Each structure stands twice: as structure tokens, then as C-alpha cells.
Amino acid sequence: MESTTPLAKSSRHTAAGRPGRFAWHQSADRRFVEISGEVDLANAHRIRDTLLQLDNRSLLIDLTGVTFMDSTGMNALAEVQEHLNGRELVLRMEAGGRVHRLLDLTGFTDRFNTEFSS
């Protein structure tokens, strides 16, 4: 069983009535980031900037709570992947869900390691 330590840092951003929330916790070698709500022009830069400040651990981003993502959200994920310099980045999402369909249609599922929630 993996032990996780909650971080004091979490963030909530709301813009124009569209909540976008993210919070994270960590184990010794991996960060777990949960994003929920909408990831769009109003908040993708905040999520990206936060993810880029994380230290040298592999990263699992749980997108199962994301209800909408636009191209700025996809670009944010691509920038984070480039920043990791070969460290593992895994995207978790609902199989067949909105985010999965978007990333699949745009070829992003081939670019990232993905896993699907049950």
C-alpha cells in the first residue's frame, strides 16, 4: 500500500461561474494531481503554472472530474509533459468520457501514457 502525504497547497479557481479545481498529494516518488471542473482559457494557465512548479517526481494527473477541456487545457498538458524531461506523466480519465474522446480525436492519447478509471 502506497503512503501519501497531503500537501498544504491546493488551489481553487473560479472564473465566470465555471469552477476549475485542482489539488495534489504525493508519495516518495510521485505526485498525484486531481483536476475537476472545466479546464479552459480562464484557468488552464493557473493549472499549467502550478504543475510546472512541482519538483522532480513523476506525475499522475487525474482528469476523471473534468467536465470540459479546450485547446488551452490540452496545450497546458503538452507543456507540462515537455517540462518533465522524460519523467513519467500519466493521465487518468474515464474511458469513453468527454476528455478521453477529445484527447483521442486530437491524437493526444498517443502522446501520453493513459490509464482509465473503472
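Colleague: Why is threonine 72 called partly exposed?

Modeller: This is a predicted model, and the label comes from a computed value. Threonine 72 has a relative accessibility of 26%. Buried means under 20% and exposed means over 50%, so threonine 72, at 26%, counts as partly exposed.

Colleague: Thanks! Where does threonine 72 sit, and which residues does threonine 72 contact beyond its neighbours within four places in sequence?

Modeller: Threonine 72 belongs to helix α2, which covers residues 71–83. Beyond those neighbours, threonine 72 is in contact with Asp40, Leu41 and Ala44. The C-alpha atoms of threonine 72 and valine 39 are 7.8 Å apart, although 33 residues separate the two along the chain.

Colleague: What makes the link between the side chains of threonine 72 and aspartate 70 a polar contact?

Modeller: The distance is part of the test: the pair of N or O atoms must lie within 3.5 Å, and one must be able to donate a hydrogen that the other can accept. The side chains of threonine 72 and aspartate 70 are joined at 2.5 Å, so the pair falls within that cut-off.

Colleague: Which residues touch the most other members of the largest nonpolar core?

Modeller: Those are Ile35, Leu59, Ile61 and Leu63, in a core of 27 residues. At least two core residues come from each of β2, β3, α1, β4, α2, β5 and α3. Leucine 63 also has contacts beyond four places in sequence, among them Ile35, Leu77, Leu91 and Leu103.

Colleague: Why might such side chains gather like that?

Modeller: In soluble globular proteins, nonpolar side chains tend to be buried together.

Colleague: And for the whole protein, how many helices and strands are there, and what share of the residues counts as buried?

Modeller: There are four helices and six strands, in the order β-β-β-α-β-α-β-α-α-β from the N terminus. Of the 118 residues, 42% count as buried.

How values were computed:
Residues numbered from 1 in each chain as written. Predicted model: local features only at pLDDT ≥ 70, side-chain atom pairs only at ≥ 80, totals over all residues. Heavy atoms only, no water. Buried < 20%, exposed > 50% of the residue type's maximum accessible area, 1.4 Å probe, protein only. Contact = heavy atoms within 4.5 Å. Core = buried A, V, L, I, M, F, W, Y, C linked by side-chain atoms within 4.5 Å.
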